Amino acid sequence: MQTATAYKRAQDGFDTVLAKIGADQWDQPSTCAEWTIRDVAGHVIWAQLQLRAWATGEEFHSATGFPGSPHPGELTGDDPVATFRDAREKADATLTDESLRRMLTLPGLGTLPVAGMVELLVTDFLAHSWDIGHAAGLDVRLDPELLPGALEWSREHLGGSRQPGYFGPPVPVAPDADEQTKLLAFLGREPGQHLS
């Protein structure tokens with residue numbers, strides 16, 4: 001599947017889960033340590049703002065939604081769903097063939113094109129769709145056509161990112177586990193966990 005298609009589908013899946021969060025659920029704990037559901041949404045919004053800056057070459061210095069930051073929920077405003085959709089639309093408008101080839105040099109990742117970050121964000125959207133949906137008591141079924149590529153990408157690239165605020169250590173799963181369980185477990189999630 002082409003990266004652009006996978007990315008749009010991952011965004012759509014996140015949007016679908018986000019829209020199901022009840023007004024009284026935003027400040028519940030998420031599956032991400034020390035983050036609420038609102039904080040996870042704020043982190044994803046921040047990533048869209050960062051992506052837009054990478055694509056356009058603009059300066060972007062906000063660390064509010066950086067992995068592990070204390071209160072990324074501040075970025076959601078009064079309507080997290082509308083804020084996400086606005087940030088997504090503005091970022092997507094900058095993703096052209098030319099901007100996707102723009103090279104970036106990032107700590108821990110080295111030099112790569114913007115397209116490489118879009119690949120990363122496919123996995124990020126899948127993980128955070130589950131993080132917020134599971135925390136809200138939803139039965140989240142991630143796009144099955146995106147799972148093999150996300151798992152392959154994760155196995156290839158996440159060796160140096162196993163640190164607090166990024167991804168936890170892999171969780172053991174049964175050999176016959178489904179693709180969703182394998183991906184979530186590799187990203188440090190416990191698919192069977194229930195939040196109190």
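L112 sits in strand β2, which covers residues 110-113; strands here are DSSP runs of E with at least two residues, helices are DSSP runs of H or I with at least four, and both are numbered from the N terminus. This is a predicted model, so to speak of a local feature a pLDDT of at least 70 is needed, and side-chain atom pairs count only at pLDDT 80 or more, while totals for chains, interfaces and linings use all residues. Residues are numbered from 1 along each chain as its sequence is written, and side-chain values use heavy atoms, with hydrogens and water left out.

Back to L112: its relative accessibility is 15%, so it counts as buried (buried means under 20% relative accessible area, exposed means over 50%, and partly exposed is in between, with a 1.4 Å probe and protein chains only). Setting aside neighbours within four places in sequence, L112 touches R102, M103, L104, L106 and M117, where a contact means heavy atoms within 4.5 Å.

Zooming out, the chain has 7 helices and 2 strands, and reading along the sequence gives the pattern α-α-α-α-β-β-α-α-α. The radius of gyration is 16 Å, close to the 16 Å that the globule rule gives for 196 residues, so the chain is as compact as a globular protein of that length. That radius is taken over C-alpha atoms, and the globule rule is 2.2 Å times the number of residues to the power 0.38. Along the principal axes, the C-alpha atoms fill a box of roughly 45 × 40 × 30 Å. Of the 196 residues, 45% count as buried. Among contacts with a separation of 6 or more, 65% come from residues 24 or more positions apart.

Now for the helix packing. Helix α1 (residues 3-18) packs against helix α5 (residues 114-135) at an angle of about 25°, with the axes 9 Å apart. Axes are lines fitted to C-alpha atoms, for helices over the stretch in contact, and angles run from 0 to 180 degrees between N-to-C directions. The two helices, α1 and α5, are therefore roughly parallel (under 35 degrees is roughly parallel, over 145 roughly antiparallel, 65 to 115 roughly perpendicular, and the rest oblique). On the α1 side, the residues that meet α5 include A6, A10, F14 and V17, and on the α5 side they include V118, L121, V122 and F125. By class, the residues of this contact of α1 with α5 are 12 nonpolar, 6 polar and 1 charged. Here Ala, Val, Leu, Ile, Met, Phe, Trp, Tyr, Cys and Pro count as nonpolar, Asp, Glu, Lys and Arg as charged, and the others, Gly among them, as polar.

Helix α1 also packs with α3, this time at about 165° and with the axes 10 Å apart, so α1 and α3 are roughly antiparallel. Taking part are Y7, K8, Q11, D12, F14, D15 and L18 of α1, along with P80, V81, F84, R85, R88 and D92 of α3.

E34 lies in the loop between α1 and α2 and has a positive phi of about 70° although it is not a glycine; its relative accessible area of 79% makes E34 exposed. H61 is in the loop between α2 (37-56) and α3 (80-92), and H61 is exposed too, at 69%.
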